[in-house]
Amino acid sequence: MDLLNALVTFLNFVFIPASAYGAQLALGALGVTLIYGILRFSNFAHGDTMAFGTAMVILLTWGLQALGITLGPLPTALLALPLAIALTAALALLTDRWVYRHYRRIKAAPIVVVMASVGVMFVMNGLTRIVIGVGEINFADGARFVVTVPQFRAMTGLTEGLSLRTTQAITLVIAALSVWALFVFLNRTRAGKAMRAYADNEDLALLSGIDPDRVVRLTWIIAIALAVMAGTLYGLDKTFKAFNYFQILLPIFAAAIVGGLGNPVGAIAGGFLIAFSEVALTYPWKKIAEYLGFEPSGLLQMLGTEYKLAISFVILIVVLLVRPTGLFRGKAY
């Protein structure tokens, strides 16, 4: 019985939260790795693009709620998500036309484009703050839990309870479906194969008749869709605050680089590696140890929660020093 209680505690406080967070990081890292692999620059505006897209979701959610339109037990934000993706993608395509296209035409060095993305990041950050403000916003509605602690205890008779929030379940389902759809698109459709060919060898792809402008547009639309989904799921699972999306940029880039920048499989693996590392290293393991028969004198907490971002940074530095191409051998950078 103690072993089961230890397992439930682990699932409740480590596995489920880390899985949901890892799915959010994986979606964000997929967007980063697509832009790097196809457009060949690191997009530092990705976090603030997530924030802007999530702000659009919140505004549309409020509009739907004002009209009395909801999804019942599911968050109304899911209804607002497609239109918010379209609006954010339109802004990204305009930004590409006004900013990034010039640098592609003159074949500017990647670092120049990266610096341009930093400028876009500050503009996007300011735009988001103007549109939605700087405070915390909780926009999750519908049923809060799929399973509650009292329900789980009544079903199992265990001392420890397990809860699964609706937002966590939705995050895992949407992330799984999105990743599946992306890989099907990249591997089985003509447009997806064109994107892969362009990423592998731009000159040969152009000689083969592939339209580079179409590839660029598709890349931005897919990356924005992934970013807005990741930002919305992150905001539903926690709360929305514009500055938080600037902070989450480090774990997202760490996930993409640790997995192998430019490698979609690596982005997914890196997202979950970063998430589980952050949660496991900042969780106090004392209760689990006690269920397993140990009597620790302390909390068995390796680091305080304020060091979560530092964990991502340390993992990133170690991987860059030991295996610069990442776990799945991404492109050189």
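Modeller: Before we start, one definition: angles under 35 degrees count as roughly parallel, over 145 as roughly antiparallel, 65 to 115 as roughly perpendicular and the rest as oblique. This is a predicted model, in which local features need pLDDT of at least 70 and side-chain atom pairs count only at pLDDT 80 or more, while totals for chains, interfaces and linings use all residues. Residues are numbered from 1 along each chain as its sequence is written, and side-chain values use heavy atoms, with hydrogens and water left out.

Biologist: At what angle do α1 and α11 pack?

Modeller: The angle is about 70°, and the axes of α1 and α11 (residues 249-259) lie 8 Å apart. The two helices are therefore roughly perpendicular to each other. Axes are lines fitted to C-alpha atoms, for helices over the stretch in contact, and angles run from 0 to 180 degrees between N-to-C directions. Helices here are DSSP runs (H or I, at least four residues), numbered from the N terminus.

Biologist: Which residues meet there?

Modeller: Tyr 21, Leu 25, Gly 28, Ala 29 and Val 32 of α1 meet Pro 251, Ile 252, Phe 253, Ala 255 and Ala 256 of α11. By class, this contact has nine nonpolar residues, one polar and no charged ones. Ala, Val, Leu, Ile, Met, Phe, Trp, Tyr, Cys and Pro count as nonpolar, Asp, Glu, Lys and Arg as charged, and the others, Gly among them, as polar. Contact means heavy atoms within 4.5 Å.

Biologist: Turning to α7, which of its residues are buried?

Modeller: In α7 (residues 190-200), they are Ala 191, Gly 192, Ala 194, Met 195, Tyr 198 and Ala 199. Buried means under 20% relative accessible area, exposed over 50%, and partly exposed in between (1.4 Å probe, protein chains only).

Biologist: Why do they line one face?

Modeller: Seen down the axis of α7, the buried residues fall within an arc of 160°, so they line one face of the helix. The arc is that of the directions from the helix axis to the C-beta atoms. The face turned away from this buried side carries the exposed residues Arg 190 and Asp 200.

Biologist: What covers the buried residues of α7?

Modeller: The cover includes α1, α6 (166-188), α8 (202-207) and α9 (212-237).

Biologist: And Gly 326, buried or exposed?

Modeller: Gly 326 counts as buried because its relative accessibility is 0%. This glycine lies in the segment after α14 (308-322).

Biologist: What does Gly 326 touch?

Modeller: Not counting residues up to four places away in sequence, Gly 326 touches Ile 257, Val 258, Gly 259, Gly 260 and Val 319.
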